[in-house]
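Hello,

Here is the structure I said I would pass on. My notes on its charged side chains follow below.

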Amino acid sequence: MSAPQDIKRYFTRYFSLTDYLVSQEEAEAAIREGVSFRGTNILILVIAIFIASLGLNTNSTAVIIGAMLISPLMGPIIGIGLGVGIQDFELIKRALRNLVMATGFSVLTSTLYFIISPVSEGHSELLARTSPTIYDVLIGFFGGAAGIIAIGSKSKGNVIPGVAIATALMPPLCTVGYGLATLQAKYFLGAFYLFLINSIYIALATFIGVKLMHYHAIVTDNPARAHKVRKIVYTIAGLTLLPSLYLTYNMLRQSRFDSNASRFVAQECRFSGTRVLATDAEIDNGERVINITLIGRVLPEDSLTLALSSKLKFYGLTGTRINIIQGDSPALTSLAGSDTQSVKDIYEMAQATLVSKQAAIDSLRQVISENRLNDTIAGRLAPEMKVLFPQVRDMAVTRSVFGNMADGRLDTLNIALVTFSTPMAASRQAELARYLEARLELERVSIVNIGSLPTSQPQKNVPANRKQKHGK
């Protein structure tokens, strides 16, 4: 019976916060101070919004992170969580009022910036903040949990800056301003929803943290009001969660579809003389479509689509429509005319193909050059051979690949096929081999005496009338 208790005490000692927390009064004072948004705080917020907007406009992650570290936006959000946890309704009102004011100033500042900014294109850092999912909910919740624990801890460390970066409150507000400035509802709604997720779940995590750290609640003569406030908090958190669950479901469905489509194209779309240039898997109004762009030899589209469609069921893609784009089809022409990135990809692929072909041509040219060089060796060395080795009558130098019949090992040898007018001693043949190695810059040359060359068969006479017939 004592062993489980000892184990429990052992692990409880690691997670006990008693000796590591500041007093409730000290933690409350720090949070209440951060709730206020007057004077320097509001100026720092406006400057941070400008910096974050510049980072989003230029797609610079480092600048965006810097703006998150500067921003004092987390103060009112944590203040709301503390107020709910200790039943301080005046603190809740003040924190909500300051959060609304800070949000309004942030959106107004970013909207003005993007109205006057000469660059109005939405970059990836902007686009990434328009489709929040359940993962953003979890980031906000665990970020808020880390924040309240750090505020209540004696050792602050670098937790608060890390929480500011992880929860990313500033970029969504800048993206809201971008949506207003460019009149794009997708940016406005998606980014504002992400900001709400982060704010609500940071406050919820703060409320739970306050309860776990056993902060004493303010005694109120209206406990029903406190219960009602907590009920409202839970309801808002639940309602905020629902859209993110739907968006997460769509994201996971699209991710699985993309994975299956990529596997299908990689396994089934292997054609001789034709390559897959691009693949695009999309879900449009509930219909799943795989667009496959081919380059090279044009294939019969109907039979190809029929053959590929019969294999979709093996990849979890039943009911998916296949759209083949190749040759001079209108879709490919439109793609080449409108999609700069696709044209660039086609150009780069063509360049890579040309480089590969040129390398093969250069290799073949080198082989041909070596063969031609071998064919002229006897003629080039004849004057020297007559003086140095007058016994050599005919000679040909060739390169051959020998295979060992026992182990299959291959070996390349340079062979000099020689006929002698009179027999040559072995020592002189060794000298001849060394001469050829030095003269032809070869690693090793083997001398092979082939005796006498075979005489060619004389061509038979062909009747004149047959020559004329073949000539016709």
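Glutamate 28 counts as buried, at 14% relative accessibility (buried means under 20% relative accessible area, exposed over 50%, partly exposed in between, with a 1.4 Å probe and protein chains only). Its side chain meets that of arginine 32 in a salt bridge, 3.2 Å from N to O; the term means a side-chain nitrogen of Lys or Arg within 4 Å of a carboxyl oxygen of Asp or Glu. This is a predicted model, in which local features need pLDDT of at least 70 and side-chain atom pairs count only at pLDDT 80 or more, while totals for chains, interfaces and linings use all residues. Residues are numbered from 1 along each chain as its sequence is written, and side-chain values use heavy atoms, leaving out hydrogens and water.

Glutamate 28 and arginine 32 are four residues apart in helix H2 (residues 24-35), so about one helical turn separates them. Helices are DSSP runs of H or I with at least four residues, numbered from the N terminus.

Arginine 32 is partly exposed, at 26%. It also forms a salt bridge with aspartate 88 (2.6 Å, N to O). Aspartate 88 sits in the loop between helix H5 (74-86) and helix H6 (89-116), so this pair ties together parts 56 residues apart in sequence. Aspartate 88 is buried, with a relative accessible area of 10%.

Elsewhere, glutamate 384 and arginine 439 meet in a salt bridge (3.2 Å, N to O). Glutamate 384 is in helix H16 (residues 377-388) and arginine 439 in helix H17 (residues 426-440), 55 residues apart. Shared partners join Glu28, Arg32 and Asp88 into one network of salt bridges. The structure holds eight salt bridges.

Regards

Key:
Helices (H or I, at least four residues) and strands (E, at least two) are DSSP runs, numbered from the N terminus.
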